[in-house]
Amino acid sequence: MSITTVIFDTDGVLTNNEVTYAGGWPGSLRARTFYIPDGQGMKALMDAGLEVWMISGEEDNCIIDRAEKLDVKYNVGTRNKQKIYSILGLLPENCAYMGDDVNDLLAMKLARISACPADAHQEVIRFITLDDAATTYNRLGYLSTRCGGQGAARDFCDWLLSTGLCLVS
């Protein structure tokens with residue numbers, strides 16, 4: 001089993017699930033806060049030869065700006081995350097996917113490795129921890145001890161690189 005691609009949902013994984021609005025409608029400014037060490041973990045994956053994606057059902061320039069700063073690939077506006085593999089031209093069995101909410105579950109069930117932050121939705125944690133991933137879906141699961149936007153992605157990156165499950169160049 002070799003992973004070539006790692007996909008991170010943005011809100012709740014790379015952020016703490018909060019969006020700040022400033023100004024009046026329409027045209028309010030939106031802001032998200034990203035945890036810098038998560039980006040360093042993503043860069044370490046890329047340095048090891050893995051393809052890294054940031055995805056979000058939201059179309060927001062904050063997400064695009066962060067992805068471009070990290071030089072990772074991104075997809076915004078895809079709300080049906082189960083379709084993300086075909087949209088990106090990826091085979092789920094070559095992917096690891098980190099998500100935090102029920103809208104990520106179908107994509108997580110397709111991925112070879114699924115992960116979530118410590119503060120993920122209870123259904124996601126249940127999928128990761130009750131061996132559903134391993135027994136029902138023949139997949140590996142990883143529950144980070146860190147919360148979304150507070151190091152969960154970095155924790156997962158470090159774990160992935162330490163397992164030997166990644167096909168690195």
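This is a predicted model: local features need pLDDT of at least 70, side-chain atom pairs count only at pLDDT 80 or more; totals for chains, interfaces and linings use all residues.
Reader: Why are H2 and H8 called roughly parallel?

Author: Helix H2 (residues 36-47) and helix H8 (residues 152-163) pack at about 25°, with axes 7 Å apart. Angles under 35 degrees count as roughly parallel, so H2 and H8 get that name.

Reader: What makes up the contact between H2 and H8?

Author: Contact means heavy atoms within 4.5 Å. Residues making it include Pro37, Met42 and Leu45 of H2, and Cys157 and Leu160 of H8. By class, the contact has nine nonpolar, two polar and two charged residues; Ala, Val, Leu, Ile, Met, Phe, Trp, Tyr, Cys and Pro count as nonpolar, Asp, Glu, Lys and Arg as charged, and the others, Gly among them, as polar.

Reader: How do you know that S4 and S5 pair?

Author: Two strands pair if DSSP finds at least two bridges between them. Four bridges join strand S4 (residues 51-56) to S5, so the pair meets that definition. The two strands run parallel, and serine 56 stands opposite valine 76 in S5.

Reader: What makes S5 and S8 edge strands?

Author: The open sheet has six strands in the order S5-S4-S1-S6-S7-S8, with parallel pairing. Strand S5 (73-76) and strand S8 (140-143) each pair on one side only.

How values were computed: Residues are numbered from 1 along each chain as its sequence is written. Side-chain values use heavy atoms; hydrogens and water are left out. Axes are lines fitted to C-alpha atoms, for helices over the stretch in contact, and angles run from 0 to 180 degrees between N-to-C directions. Angles under 35 degrees count as roughly parallel, over 145 as roughly antiparallel, 65 to 115 as roughly perpendicular and the rest as oblique.
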